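Here is a report on one protein chain. Look at the sequence and the structure first, then read on.

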Amino acid sequence: MHSAFATPTASLDDPLYYLTNFRFVLAWVGQRHADLLSADEGNFLDQFARLPQASQALLVRMVMRKGELFRLGKLSYAEVGDSASAMAPLVALGWVDGDPVLGLDELFNQLRLAELRQALAEEIRAAGLSASSAKTVLYATLSSQAHDAKRLCWWWPEAADPVVRLTVMDICDRLRLMFFGNLRQDWAEFVLTELGLQRFEVVPFTPHSRAFHTRQEVDTYLTLHRLRQRLDEGELPAGLYPEVPPPSDNRWLDTRRARLLLQLGREAERGGEAALALTLYSESGSSEARIRQLRLMERLGEYPAAFELATQALNSSPNETERQALARILPRLRRRLKLPAEPSDQEPAHERWDLSLPGPQWVERAVVEALSESETPVYYVENALMTGLFGLLCWPAIFAPLPGAFFHPFHNGPADLYRDDFVARRRDAFDACLAQLDDGSYREAIRATWREKQGLASPFVHWLIVDEPLVELALECIPAEHLRACFERLLGDLKANRAGLPDLIQFMPDAPAGEPRYRMIEVKGPGDRLQDNQRRWLRFFHRHEMPVAVCYVRWADSAEPTP
């Protein structure tokens, strides 16, 4: 049985809108993830429902704020009323510590300067500091000394405004993770939707549509997330690597694991731990990790092993990005090993324009103004036009309600968008969409989608750029066979191929029959060079005889040569 996602009906005119949203998440998780909840988490859902409304609201206010420590006096909300009264049930449940132990860092974060001077008067005098010292001076001096963590009443017996600590943030983060399927999205998603700043496609789903299917998967996600946080905070890869969870049957989680191992490998390599970096790259198994592994092996002089690994990679159907990197690495290794060179594909010569313009200024805008005429307008589109037309034509396939693709109301696109099997799972649906390019119905299909879905979040349609006049010009001037070729290339590697497209497009709707009615233009300012993904698209355009040029700009008052 299928139903559809519906966002909660909270309104920002309601002072308790945030509580409505929080209740919605708890009900959603309780209904669809009950088997993944621990006893404590299940009790949290039950006990929250029995709390007085004011206590519920105060707890959610704390959950939505940054950190876990709060001054009670700053938790003042008209809809909550007396914060101390609303807090009492939360303290009784142990969800808030009403008198927590505070370290010196926490004390400095919670107290104002005047309060610190009172609370630490004795320590300030003992350190030989002036009573008028700045907060930074006080902290720099006192933090270099040993101080035991203690309750505020021991730091400052005269304190009138207590500090409290939220103790259920881990539970709330876990519930948020089970709802969103990630920790990147938070409660602001509800607010942006209620403000009308974000609107999402309504996707049918089954009761089993959810991000996680076992509690172990949730634990693994949280472990990977915390390891990445610790890496960002400066912990060394050698200490974090032993805590990386083993591979799992969940391909999505294994992708996150591979990404973490790649990040650990990069930090190990930067830190001079080459052997550890090679181990991490090897275990990651991603194409990017493999290329980094090969480059490091080259630098270490491990040429035979690197050549064997590179050859294996080339023979295993690599994506275009990896194939391009291997095409550079293998000839170097062949020279090192004194092996005969193999013929390589010649980089096709692209049509080149050299343009001298007054500057410096925004180079793409300058080229648009220089080339655009009323009969042959030029638009800045970069990666938005081809991907936008693809997103409009293939909307039904992209938003197909497959298991594991959508599991909450706030998806910009399917959760499995960049998984290896994304296209394979939807091949028939994509084929049906692309077939409209063959029978001519694609124009009306794209127009209809633009009208019906305009403004909805999409991973491919940038509505501010892909407006209706631009779509109409593109449909008039770009042949269907060119669109099909580009769309098929996108489907070959959605993550890599959605970038690198030319900056500009020029339309020539009145061009004589048989001549191109559009031209794509890549713009390079002084000192700029073509990137690898741009070279791959240029090679593709030449292979399919699609009109493209690279415009090299130099500033008229500069002697800097163009490349």
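The text below goes from the whole chain to its strands, its loops and its cavities.

## The whole chain

This is a predicted model. The mean pLDDT of the protein is 92. Of its residues, 95% reach 70 or more. One stretch calls for care: over residues 1–6 the pLDDT is below 50. In the model, this stretch still has 23 contacts beyond near neighbours in sequence. Where pLDDT is low, the predicted coordinates should not be read in detail.

The protein has 563 residues, and 46% of them count as buried. The secondary structure comes to 29 helices and 12 strands. Along its principal axes, the C-alpha trace spans about 85 × 60 × 55 Å. Now take the contacts between residues at least 6 apart in sequence. Of these, 70% join residues at least 24 apart.

## Strands and their partners

Strands of a sheet pair through backbone hydrogen bonds, either parallel or antiparallel. Both kinds of pairing turn up in this section.

Start with the antiparallel case. An open sheet of 3 strands has the order S2-S6-S3, and its pairing is antiparallel. The edge strands are S2 (69–71) and S3 (96–97), and each pairs on one side only. S2 meets S6 (residues 163–166) over 3 bridges in the antiparallel sense. Here Leu69 has Arg165 in S6 as its bridge partner.

Next comes strand S12, residues 548–555. How many of its 8 residues are buried? The count is 7, so S12 is mostly covered. S12 pairs with S8 in the parallel sense over 7 bridges. In S12, Val550 stands opposite Arg352. S12 also pairs with S11 (residues 518–524), again in the parallel sense, over 5 bridges. There, Cys551 of S12 stands opposite Val523.

## Loop residues

The values are relative accessible areas.

| Residue | Relative accessible area | Class |
|---|---|---|
| Ser317 | 65% | exposed |
| Lys338 | 74% | exposed |
| Ala127 | 27% | partly exposed |
| Asp421 | 17% | buried |

The cut-offs explain the classes. Asp421 counts as buried because its 17% is under 20%. Ser317 counts as exposed because its 65% is over 50%.

Now look at the backbone. Most residues other than glycine have a negative phi, and most peptide bonds are trans. Ser317 is not a glycine, yet its phi is positive, at about 55°. Ser317 sits in the loop between helix H17 (303–314) and helix H18 (320–336). Lys338 is not a glycine either, and its phi is also positive, at about 55°. Where is Lys338 found? Its place is the loop between H18 and strand S8 (351–357).

Ala127 lies in the loop between helix H7 (121–126) and helix H8 (135–142). Leaving out residues up to four places away in sequence, Ala127 touches Thr141, Leu142 and Gln145. Ala127 and Glu472 are 345 residues apart along the chain. Their C-alpha atoms are separated by 74 Å.

Asp421 belongs to the loop between helix H21 (395–398) and helix H22 (422–425). Asp421 and Leu236 are 185 residues apart along the chain, and 34 Å separates their C-alpha atoms.

## Cavities

Rolling a probe the size of a water molecule over the atoms shows where empty space is left. In this model, the count comes to 3 cavities of 30 Å³ or more. How much space lies in the largest cavity? The volume is about 70 Å³.

Which residues line the largest cavity? They are Val381, Glu382, Leu385, Met386, Leu501, Pro502, Leu504, Ile505 and Met520. By class, the lining has 8 nonpolar residues, no polar ones and 1 charged residue. Two elements, helix H20 (384–393) and strand S10 (504–507), each supply at least two residues of this lining.

## Looking back

Strand S12 has parallel pairings with S8 and with S11. The sheet S2-S6-S3 is antiparallel. The largest cavity holds about 70 Å³ of space.

Notes:
Residues numbered from 1 in each chain as written. Predicted model: local features only at pLDDT ≥ 70, side-chain atom pairs only at ≥ 80, totals over all residues. Heavy atoms only, no water. 1 Å grid on protein atoms, 1.4 Å probe; cavity = no way out; pocket = protein on both sides within 12 Å on 5 of 7 lines; lining within 4 Å. Points joined across faces, edges and corners; volume = space filled by probe spheres on them. Helix = DSSP H or I, 4+ residues; strand = E, 2+ residues; numbered from the N terminus. Nonpolar A, V, L, I, M, F, W, Y, C, P; charged D, E, K, R; others polar. Buried < 20%, exposed > 50% of the residue type's maximum accessible area, 1.4 Å probe, protein only. pLDDT = per-residue confidence, 0-100. Contact = heavy atoms within 4.5 Å. Pairing = 2+ DSSP bridges.
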